Amino acid sequence: MQPEIRRVVIFESDPRGHAREWLTHILKAAERQGLRNRMVLLVARELADVLPVPLTGGADVVALSEGEQRLCNTGSAFQRGMAKWRVVRRLARRIGVDGAFFLSLDHLLAPLALGCGLGKNTSVTGILFRPTAHYDAFEGGTGGAGAWLKQRIKRDFVVRALRNPALSTLMSLDPYFPDYAQRHLPGGGKVVPIDDPAPTMPALAPEAGETRRTGRAAFLLFGEITERKGALQLLQALHQAPVSLLRQIEISIAGRIDSGLEERFYRLLRELEWGRPDAMVHVEDRWASDAELADRLTRTDIVLAPYQNFVGSSGVLIRAAQYRKPVICQRFGLLGQLVRDFGLGIATDTSDPSRLAQALEIAAEDRLQGTACVARFQDFLNNREAETFGNRVLEAAFSGNHNTTLRLPSLNADGLVEPEKMVTGVPRLVTRMAGRLVK
């Protein structure tokens, strides 16, 4: 019989993205189930400051120190993973918890693969964002030799982590990975699916969506505009597109342009304005509120998600489906497979501007209306309720662990495992590469 989990620490060091929303779902579920007084939130300072007291009442909220947060969020993936493990282990020993749930477990693959635990009978559970061991089976290809090598090495880390008796449950945001793991990986029975919850749709003003009528098909690229988002390839596609297409479409890019991308992005944009005057591109280089994003999604026809060999899931597909907007997306990996399987739009080689331009032309012709994608948005959104997500997390976090005693590895002055004392025998070269490859 597995021991009862009496107290759980929930950890998140990154205040960006999903963290606040997910913690809200979990805390509401804990309130419904009377579990808040058995929870400790060990979170980034920004999260500790914004979680409302009525929501956290009964739960202990511990903010990471500035130094802890820096170590957990900077450096290689291997260094971040070891830092997160060390911080949680320290708290677990100090206050006595018998379960730890990581909102993002990807970086923890390294310490788990090295045999690290949090103490006797202390279970580890969490959410894996980017499993890739099964990508060979997808129609979108492997993403090249470099991506294939990363997939092979990450698969080895996942296998070693699953062998770690401290790991109780590994929840996968990728719906295809649990079946693959259960069929092909030792210990794959620990892998279970969990659906990324759909964000709350804000109420719109009555006039929302009424002012944009240019006669052109409207495309929207939104979110944090980083290299992987494909904004450069989008502008290059517009450079190559025929004039007839440019006169049919308008492109909106809404979101903060990453500092490492700014110079190249605005250079391409200026060249487009000078050389292709028929192109209509609107850029809002700033963060948008949920209400502003909802208004933009209401006004658009097609959502752009031209990621560049991006690994893992994306909230862009969920947002687009909520507003019944088809997407143009990469063909590689999970995103491409979801678009194909659920009929959410067009999956193409978005790293090739000419292919991207072709997809824009196809979409502009009929705005992807009348296709199977329109009828299947709801299928894609099923089981993505916030309440379901919160309940599933608590079910995993408070389930019993595998009752074993772990031998903890020795650490050096930086809190890293000494290579000669790695308890699973992971080769020294692989651990040095882990910071680059376990992503």
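## A salt-bridge network

Glutamate 284 is partly exposed, with a relative accessible area of 33%; partly exposed lies between buried (under 20% relative accessible area) and exposed (over 50%), using a 1.4 Å probe and protein chains only. Arginine 286 is likewise partly exposed, at 32%. These two residues form a salt bridge whose closest N and O atoms are 3.1 Å apart, the criterion being a side-chain nitrogen of Lys or Arg within 4 Å of a carboxyl oxygen of Asp or Glu. A network of salt bridges links Glu284, Arg286, Glu292 and Arg296.

## Basis of the model

The model is predicted: local features need pLDDT of at least 70, side-chain atom pairs count only at pLDDT 80 or more, and totals for chains, interfaces and linings use all residues. Residues are numbered from 1 along each chain as its sequence is written, and side-chain values use heavy atoms, leaving out hydrogens and water.

## Further salt bridges

The structure holds 16 salt bridges. One of them joins aspartate 106 to lysine 154, with the closest N and O atoms 3.4 Å apart. Aspartate 106 lies in the loop between β4 (99-102) and α6 (109-113), lysine 154 in helix α7 (residues 145-163), and the pair links parts of the chain 48 residues apart. Both aspartate 106 and lysine 154 are buried.

Arginine 264 pairs with glutamate 227 in another salt bridge, at 2.7 Å between the closest N and O atoms. Relative accessibility is 29% for arginine 264 and 43% for glutamate 227.

## The chain overall

Of the 439 residues of the protein chain, 53% count as buried. Contacts (heavy atoms within 4.5 Å) between residues 24 or more positions apart account for 72% of those with a separation of 6 or more.

Conventions. Helix = DSSP H or I, 4+ residues; strand = E, 2+ residues; numbered from the N terminus.
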